[in-house]
Amino acid sequence: MTDAIGIRRAGAEDIAALAPLFDAYRVFYGKPSDLAVARAFLTERLQREESVIFLAEDGEGTALGFTQLYPGFSSVSVARTLTLNDLFVQPAARRRGVAKQLLAAAAAHGRAIGAVRLSLSTAISNASAQALYGAEGWVRDTQFLTYSLALDV
């Protein structure tokens, strides 16, 4: 891998490079590996324009990591928001600033579209991610608790 890292918005033509990263991200969170599911999910998000994905590559075009943003809105702020739902960097590419650059690209995109906030959640056990987010100016929420309801589909 070369030292140069480039970040760009991904498109449908990048599914082959994104799918293994997305699959590895899901495996990190305890899901079984399923490259076909990863490919189908990402293809659908991009085709429907339901998410924005930024891809990190080295100088040779090798995919190093990605982040995926989902649009939302704040009723209280009456403004657009973004959820940074996924952030993953290949283990071999970690500690090279890739995640930091992906976070910066996400923030720049948010500003460009007039979003008032980016939000994310991470596993309580993911201390390295938490340290990165704090170092990059992300603030841990102390005012709200997050709940979820599993829907039987």
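Modeller: Ala, Val, Leu, Ile, Met, Phe, Trp, Tyr, Cys and Pro count as nonpolar, Asp, Glu, Lys and Arg as charged, and the others, Gly among them, as polar. Divided in this way, the lining of the largest pocket has 25 nonpolar, 12 polar and 11 charged residues. The model is predicted, so that local features need pLDDT of at least 70 and side-chain atom pairs count only at pLDDT 80 or more, whereas totals for chains, interfaces and linings use all residues. Residues are numbered from 1 along each chain as its sequence is written, and side-chain values use heavy atoms, with hydrogens and water left out.

Biologist: What makes a residue part of the lining of the largest pocket?

Modeller: On a 1 Å grid over the protein atoms alone, a pocket is an open set of points with protein on both sides within 12 Å along at least five of seven lines, and a lining residue has an atom within 4 Å of a point. The largest pocket has 48 such residues, and Leu120, Ser121, Thr122, Gln130 and Tyr133 lie nearest its centre. Two or more lining residues come from each of helix 1 (15-28), strand 4 (79-89), helix 3 (98-112), strand 5 (117-119) and helix 4 (127-135), where helices (H or I, at least four residues) and strands (E, at least two) are DSSP runs numbered from the N terminus.

Biologist: How many residues line the second largest pocket, and which are closest to its centre?

Modeller: It is lined by 17 residues, with Arg9, Glu49, Glu50, Ser51 and Val52 closest to the centre. Strand 3 gives the largest share, three residues, and by class the lining has 10 nonpolar, three polar and four charged residues.

Biologist: Why are strand 1 and strand 2 said to pair?

Modeller: Pairing requires that DSSP find at least two bridges between two strands; strand 1 and strand 2 share five, in the antiparallel sense, and therefore count as a pair. One of these strands' bridges joins isoleucine 7 to alanine 56 in strand 2.

Biologist: What makes strand 1 (5-9) and strand 5 edge strands?

Modeller: The open sheet has five strands in the order 1-2-3-4-5, with mixed pairing, and strand 1 and strand 5 each pair on one side only. From one strand to the next, the twist averages 25°.

Biologist: How do you know at what angle helix 1 runs to strand 3?

Modeller: Axes are lines fitted to C-alpha atoms, for helices over the stretch in contact (heavy atoms within 4.5 Å), and angles run from 0 to 180 degrees between N-to-C directions. On that basis helix 1, which lies across strand 2, strand 3 and strand 4, runs at about 75° to strand 3. Helix 2 (residues 35-47) packs on the sheet, touching strand 2 and strand 3, and its direction makes about 50° with that of strand 3.

Notes: On a 1 Å grid over the protein atoms alone, a cavity is a set of points where a 1.4 Å probe fits but cannot get out, and a pocket is an open set with protein on both sides within 12 Å along at least five of seven lines; lining residues have an atom within 4 Å of a point.
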